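Dear colleague,

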Amino acid sequence: MTAPLPISLDVNGERIDAHVLPRLNLADFLREHLHLTGTHVGCEHGVCGACTIRVNGEIVRACLMLAVQADGSAVETIEGLSDSGEITDLQAAFRDRNALQCGYCTPGMLIAAQDLLKQNPEPSRDRIREHLSGNYCRCTGYQAIVDAVEATVRSRTGRAA
Amino acid sequence: MKASAFTYARPTSVADALGLLAAHGDNAKVLSGGQSLVPAMNLRLISPDLIVDIGGLAELRGIIVTGDVIRIGALTRHVDVLNSPEIAAYAPLLTEAVAHVAHPAIRNRGTIGGSLSHADPAAELPACMLALDATIVARGRNCERRIVAADFFRGIFQTALSADELLVAVELPRAQERSTYFFHEFTRRHGDYALAGLAAQALVEDGIFVDLRPALFAVGDCPVLAKAANTLVGVPITPKRLSEALAALAEELDPHTDQQATAAMRGHFAGLLLRRCVSALLGRPELSSNGRAA
Amino acid sequence: MTVMPVKTEALSLLDRPNSYIGKTVPRPNLDRLMQGRGLYVSDLELSRMAHVVFLRSPHAHARIAAIDVAAAKRMPGVIAVVTGKELASVITPWVGVLSHLKGLKSAPQHAIAIDRACWQGEAVAAVVATNRALAEDATEAVQVEYEELEAITDMRTALDLQTPVIHTSLGDNLAFERVLDAGHVDQGFASSDEVVEAEFVFGRHTGVTLEPRAVVADWNAAEARLTIYQGTQAPHMVQNIAALHLGLQESQVRVVCKDVGGSFGIKVHIYADEMATYALSKLLRRPIKFVADRVESFNTDIHARDHLCKGRIGVKRDGTITAFEIDDLTGIGPYSMYPRTSAIEANQVVNLVGGPYVTKNYRARARVVFQNKNVTCQYRAVGHPIACSVTEGLVDLAAARIGMDPVDIRRRNLIADDAYPCGSPSGLKFEKLSHHASLNKLLGMMNYDALRAEQAELRSKNIHRGIGIASVIEVTNPSAAFYGVGGAKISSQDGVAVRLDAQGAVICHTSITEQGQGSESMTAQIVASMLGVSMERVRVVLGDTDNTPYGGGTWASRGAGIGGEAALQAAKVLRKNILDVAAAILQATAAELDIADNVVVNATDGAPRIKLSELAGIVYFRPDTLPPGIQPELIATRHYVPRQYPFAFTNGVQASWLEVDTDTGFIRLLKHWVVEDCGTIINPQLVDEQIRGGVVQGLGAALFEKCIYDERGQLTNANMADYLVPMSGEMPDIDVGHVVSPTLESELGAKGAGEAGTAGAAAAVANAVNDALRPFRAIITEIPLTPQVILTALGRI
């Protein structure tokens, strides 16, 4: 048996101190210990993208990080990005374009899309598809998601539709 | 699936890490980026007793150019390689190749040390090391070894590293001024492991290959620096010579059949890749097809 | 969108000034999902909740000789380890048959296998622990002694005399056989100028819902009530079946569905491990949570579409199709699924082949055989993809054989738009379809002639592009003819209760369910339109058997057509009740009044008379001010079931434009078009998005998806790296257009739209690939169309 280890990290701007077993992955830590259930688990082998979050400003698969590895890090989940207002316009575009149906892929998709727009404010449609190519959606067929990201690009850069 | 229980250590020095590996041998696994290790643990394909997290070893980070050598620390993440001006300037093949590794979220965590130690036959970076004539620096408790890439990759998930050694860095010669490169892989979807791929470094002068190092991946147990390409160095390339080299390549390779592709298909792709590589590097589009019409 | 409204009385209520019908409005309550604040079953936590992990057979077929749970029981965190035998005292087995599928037979299936495991992945024991990780640890300590048996894994030899029978009590491995002989098929072939044959091969698929199956079962022993939290599409069905097999009254079972992370039919079935979870909760008297992990999902979520279908088509030189014939074989699992059966898919294939076309000569045989592989059942577009791929593939082959353009042969043979009502040789009844109008619209949208010219030009440069067309008919709005007549307790009717609250807002309770298609929004749009209130004032409650009328749920593309009609009728009654009260208050007649923008107004000039909020206040708090003899009723419930047509058929047509790299075998999907006629469209954006999502599932089938079993019955690609699902990088943009032929059976006139995209997409792609490769004389009738398949057909490897 292994004993729980202390970790201290920042989650959505809140300082969290916890004791976790080494084998607990970051997705499960967020969901079960912090009850931040917006980070979804879809495959646990890093392929589907449903668990995408930000660690120290960069997107990662929460299922492929151990909670102990997040010690000392700044973690942002969909709840935090929503409350801070950082992706309000992206979310509005998703709503208007119905770029989500069941909503399960949506937190990861929004975080991945925002990641793209932070690095590349005017991506082409192909570039959008490429950046999101690691996020699985079974409901939308992706076109509405790409449209919504494009609409956000236009509104952020002030270009007309 | 949840990983089996394990003990976790986060050494604060390379010496400490090596001490742990020496003590635990095959019961321990090194955790670098975790992008290959953690899925395997989550799926309970492996159940190590001890995880040695080397993420805190600052000395394993960083890209340094000294003279003609680029030294890339083992903990350098794929995204760091992708964004590195030094790599772009002196080893652009790597910049191109690393963009094909999985997806952004994976590249933000996965490391070059991890990728090379893991030695997935379908991975991009091991083949790049062959093409770039890289040297892997491995450290054990008592000594440091320098292993040329050609000797490093031994088989499926097998390298020359022993259980108590840590890959600490990889060193590449700075690309010569007029050198060129080629990279292509066949994947069913963006970011997938390749069905077959080729990473090549070359030097071309007046339409003649002075040097040509094409490394194929996903065509066998480990990446292959195609010996068949040797016949293309120092001579004018005619369609006949190229066909002969391709025939020699087919002899040289022993591709595997798996769910993704048969041996025959891999062999077909390997030939296509070498053909396209030569055609692209020489700027001679007419060489890229073998002239077969519908 | 081109709307060709049928001008009848039925539409007048829908053309109201503030109508939301036909409007794209954003779905309400999306913020919750976009902020990560949804409530999926996997998010749910209850007091004393424990987690179950199932030990699953590693063998496709094995006798369970002994199970030793002693070591497992001692492991940390373990609450119980339960075998099939122990659980059998709590929950009874079931048999997946329906009486109207004559001859369908299946063996009893237990929640946890007792004597024998019949597919790799079948549960043989349950470990309940305080968390999933500890349960998994303990599962490894359960010792099972298996005696491996021969695994039956080749459907082609399942019925051979020397092949062992999986269930000896059944006599053979034939679950179901259906034969159909309509018209004069032999004469038809005899009179044709060409007969073309092909064998169509389909890969086994699975749904890969992003949220895996998940259940929380909560047996409250003090209340003797079981609450099941589950993302099911049919909560009343689950209620009925859970009660039946646990020895409870239906009133003792409540089924609650909150947010569901994708279903597509996967979550409409009854699964052994979920039944086991209900039973475990009752046995252990505490909430039990089961969340399948991805590997489990691949091994145990229903599979579908594993068919080998031989097809024949007869055609005259002038393009007249003279006959269709098929011989279809499908390999299911070792049990027919419960309660919807694993024979429906094959039955649909027989029903649907040839459906869009005029020929009356059609012969079919379909056989469904048991296999030692995962169970199969209805998955989005059930049987339609097979029928459409075979039909449209044969039509294209016939066209190619006589040198006719694929559009021309369809023009000659599609049922005329004015030929309705009519029927198909298989007995389908068509109220009104629009094959020709849809085809014409499609050709305009895609600029067919320009694409043909582009194809020719690029061909001369050795670039090979292809166009593929596929006509589709789709079953929607099913009546009791689908399941009820066969004895299944699956309701084909739905109900909606609508009420005005004390502030003049509206609450609807509907028996249909939501998995992301927009059931909530669609209901609100209809009710708001009928009542004349703004949508923000309408709240929809669904997915709770304690709090909704009794109904079928959302499946088989019935939510809008059936649930929508119930909403319309209920809202109509409430509107009348409101106007009756208003008339009494205002001393007018109801006929002089209307409701618009939350206000009762004059019907003639729209002048406001009394706000709904005020009216509600009077009714609820000041009934003393109302005239005598009036008892307001500000709530109304109506149910609806289609009676005239067993199914409301829709039609559509799809086209694929793609490029085949003949060196590598890779296919690039350049564009896809759909024209769909689903009757009245309530929310155009939601309908189009259903179509797009459905198309991409079909594109996944065409190019990527296949459950790969080896000859020992091992599923070898049970993970998301090896089972390839379509991702954004490879999918095309999809243009959607509409023709509108409302059904006259309901006032709303809506048919279903949820599955048509999936029905025709693979057929269009396959036809496009063969079109692209015509210069090479390569004909491929197999999906998925992998580079391997393409290169082999071209003789490159």
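From which domains of chain C does the lining of the largest cavity draw at least three residues each? They are domain 1 (2-38 + 493-640) and domain 3 (303-480 + 644-791), with bounds taken from an automatic or database domain assignment.

Please note that this is a predicted model, in which local features need pLDDT of at least 70 and side-chain atom pairs pLDDT 80 or more, while totals for chains, interfaces and linings use all residues. Residues are numbered from 1 along each chain as its sequence is written, chains are lettered from A and ligands numbered from 1 in the order written, and side-chain values use heavy atoms, without hydrogens and water.

A cavity here is a set of points, on a 1 Å grid over the protein atoms alone, where a 1.4 Å probe fits but cannot get out, and lining residues have an atom within 4 Å of a point. Points are joined across faces, edges and corners, and a volume is the space filled by probe spheres set on them. The count comes to twelve cavities of 30 Å³ or more.

The largest cavity, of about 730 Å³, is lined by 48 residues, and C:Q517, C:T554, C:S557, C:Q690 and C:G754 lie nearest its centre.

The second largest cavity has a volume of about 140 Å³, and its 19 lining residues include C:Q109, C:W119 and C:Y271, which are among the closest to its centre. Domain 2 (41-149 + 212-260 + 266-300) and domain 3 of chain C both give residues to this lining, so the second largest cavity lies between them.

Best regards

Conventions. On a 1 Å grid over the protein atoms alone, a cavity is a set of points where a 1.4 Å probe fits but cannot get out, and a pocket is an open set with protein on both sides within 12 Å along at least five of seven lines; lining residues have an atom within 4 Å of a point.
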